[in-house]
Amino acid sequence: MKLFNRHVHSQAGEYLDGRLYGAARARFERHLATCADCAARLEDQRLVKSALSTLRELPAPRSFVLNEAMVAAAAPPPPPRRAAWQPFAAPAGALAMLFVLLLGGDLATSGGDEDEELADAAFNEGTLDTDELASDEAGGAVEPLTEQEAPIIEADAADGDDSGADSAGDGDDTLDGEAAPESDVAPEEPGEDELAEQTETESLDQNSPPAGEDLPGEPIEELQQIDDDDDNFRLYIRIIEAVLAAGAIALGFLAFRRWREQSAD
Amino acid sequence: MVAQTTCISESPHVLANHGKSDESLSPTSPPATLALSVEAAATSTEQADQLAARAQNGDLAAFNELVLTYQQQVYNLALRMLSSPAAAEDVTQDAFISAYRRIDTYRGGNFKAWLLRIATNACYDVLRQRGRRPATSLDGMFEESDAPPIADPHAASPELEAERKEVAAAVQRALSQIPADQRAAIILCDLQGLAYEEIAVTLDVNIGTVKSRINRGRARLRELLTSTGELRGGQVRPKSEPQ
């Protein structure tokens with residue numbers, strides 16, 4: 001009943017425009033007698049229609065008859081032809097942009113692989129920055145060795161010279177020598193923690209550095225897996241780049257051909 | 001009051017006895033009128049289709065017969081849509097050129113609706129351009145007083161005519177303030193007398209949408225005309241009553 005009422009309520013315009021006949025018209029008229037809203041709405045519409053009737057139909061100010069010249073002037077449809085090459089140009093440009101962006105991103109990652117990964121690792125460590133890492137890597141491998149070797153050489157040389165002085169010197173040296181491995185530990189610790197990035201970059205390409213020997217086997221496999229995934233990802237990126245480049249070239253060629261055809265005309 | 005009644009009696013929609021007019025509520029009169037108009041339209045539709053078929057074969061003279069038949073209707077549609085005689089003239093000419101160029105796409109049926117659709121779309125384009133350049137939107141605003149005098153046998157007195165023009169100017173201003181799609185539906189229905197079905201074809205929408213646009217358009221016009229004092233107390237131009 002509600003639905004019916006809503007329908008009837010919206011019929012004032014149709015009734016006024018003479019579009020209700022027979023039973024529908026009779027029903028609306030019965031409804032009109034009981035519904036003040038509809039009566040008011042009908043009245044409003046009738047008033048507006050009357051007001052609109054003050055707008056007279058005016059005669060055409062001149063003849064709009066076409067002649068051959070007008071038809072000829074309008075004959076070549078300029079808008080579509082002028083724009084013929086444009087639909088291709090925009091997508092070509094967009095594809096080219098995407099290609100350049102992807103290529104740029106790819107070059108950046110492949111060119112600075114090690115540095116970036118070291119930096120990533122340092123960032124993940126949250127303690128070291130890139131410079132520290134680089135020096136620690138070098139220091140951990142080289143410096144402790146020279147420090148360790150130096151006292152031994154000195155001790156050997158000192159043995160022949162003076163034993164009294166040696167004992168004191170030895171003590172110092174041995175202390176140094178003992179301290180040296182300790183100091184080794186400090187660089188090695190980050191080294192162990194750095195396993196992730198070191199193995200990522202080096203363990204597969206080169207023989208793993210001494211630090212890598214301490215690693216259990218499983219993480220390396222995991223990292224190998226990550227590296228494989230990374231390689232696959234790069235491969236996909238390259239494929240996408242190739243497709244984008246081909247698309248951009250094809251669309252650019254089409255746009256150029258349309259443009260040539262049009263300028264020839 | 002006399003003046004107003006005379007003025008209104010010229011129109012087919014009597015408003016003096018609003019709501020109580022027996023003739024406007026008579027259940028038999030609308031179907032009879034509709035039958036007549038449908039018959040007349042059917043004849044002209046057939047003729048129009050024949051002329052259109054000839055135009056499709058490159059007969060410009062046949063197309064020009066269609067131009068002469070519909071140019072006044074197209075011009076008035078554009079004039080009421082755009083409120084500018086100059087813009088309406090341009091749109092009318094462009095619509096006919098465009099229709100001739102696209103005559104191959106006409107598949108028969110209702111040439112008038114097909115033509116009016118082209119004209120309506122041309123009006124929408126102009127309105128869209130005006131929207132981008134709002135500064136020019138009121139240039140050449142049509143004033144009813146600019147309209148050339150029409151030889152009208154019902155024309156009563158200069159005062160009455162002056163009053164009608166004032167109301168008409170207010171109505172045109174209100175019309176230009178309602179949304180373009182509602183305006184088009186109102187013009188086609190209330191000014192040009194098209195059937196809902198023809199309006200649906202012209203505006204490329206369904207009948208329900210046509211009804212809705214007409215209802216909403218009239219409601220909005222009522223608000224606008226009431227706010228400017230043209231409609232009050234159930235009458236058009238009540239301020240003329242004391243005279």
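Mentor: One term before we start: two residues are in contact if their C-beta atoms, placed from the backbone, lie within 7 Å. Also keep in mind that this is a predicted model.
Trainee: Fine. How many residues of chain A are in contact with chain B?
Mentor: 37 residues of chain A, and they meet 53 residues of chain B.
Trainee: Which helix of chain A gives the most to that side?
Mentor: Helix 4 of chain A, with twelve residues. Helix 2 (12-16), helix 4 (36-52) and helix 5 (68-74) of chain A each supply at least two residues there.
Trainee: And how do the residues on that side of chain A divide?
Mentor: Into 19 nonpolar, seven polar and eleven charged.
Trainee: Staying with chain A, how many helices and strands are there?
Mentor: There are 14 helices and zero strands in chain A.
Trainee: What percentage of chain A counts as buried?
Mentor: 18% of its 265 residues.
Trainee: And what share of the contacts in chain A comes from residues 24 or more positions apart?
Mentor: Taking contacts with a separation of 6 or more, 64%.
Trainee: New topic, the cores. Which residues touch the most other members in the largest nonpolar core?
Mentor: That core has 45 residues, and the ones touching the most other members are Leu66(B), Val74(B), Ala78(B), Val91(B), Leu115(B), Ala119(B) and Ala185(B). Helix 4 of chain B gives the most to this core, with eleven residues.
Trainee: Let's zoom in. What is Leu66(B) in contact with?
Mentor: Leave aside its neighbours within four places in sequence, and Leu66(B) is in contact with Ala48(B), Leu51(B), Ala52(B), Ala55(B) and Phe111(B). Another core lies apart from the largest one; it has 18 residues, among them Leu52(A), Ala168(B), Val171(B) and Ile178(B).
Trainee: Now helix packing. At what angle do helix 4 and helix 8 of chain B pack?
Mentor: About 135°, with the axes 10 Å apart. Helix 4 of chain B is therefore oblique to helix 8 of chain B.
Trainee: Is their crossing left-handed or right-handed?
Mentor: The crossing of helix 4 of chain B and helix 8 of chain B is right-handed.
Trainee: Which residues meet there?
Mentor: From helix 4 of chain B, Leu77(B), Arg80(B) and Met81(B); from helix 8 of chain B, Arg183(B), Ala184(B), Ile187(B) and Leu191(B). By class, the contact of these two helices has five nonpolar, no polar and two charged residues.

Conventions. Residues numbered from 1 in each chain as written. Chains lettered and ligands numbered in written order. Predicted model: local features only at pLDDT ≥ 70, side-chain atom pairs only at ≥ 80, totals over all residues. Axes fitted to C-alpha atoms, helices over the stretch in contact; angles between N-to-C directions. Helix = DSSP H or I, 4+ residues; strand = E, 2+ residues; numbered from the N terminus. Parallel < 35°, antiparallel > 145°, perpendicular 65-115°, else oblique. Left-handed = near helix turned anticlockwise from the far one by under 90°. Nonpolar A, V, L, I, M, F, W, Y, C, P; charged D, E, K, R; others polar. Core = buried A, V, L, I, M, F, W, Y, C linked by C-beta atoms within 7 Å. Buried ≥ 20, exposed ≤ 12 C-beta atoms within 10 Å, placed from the backbone.
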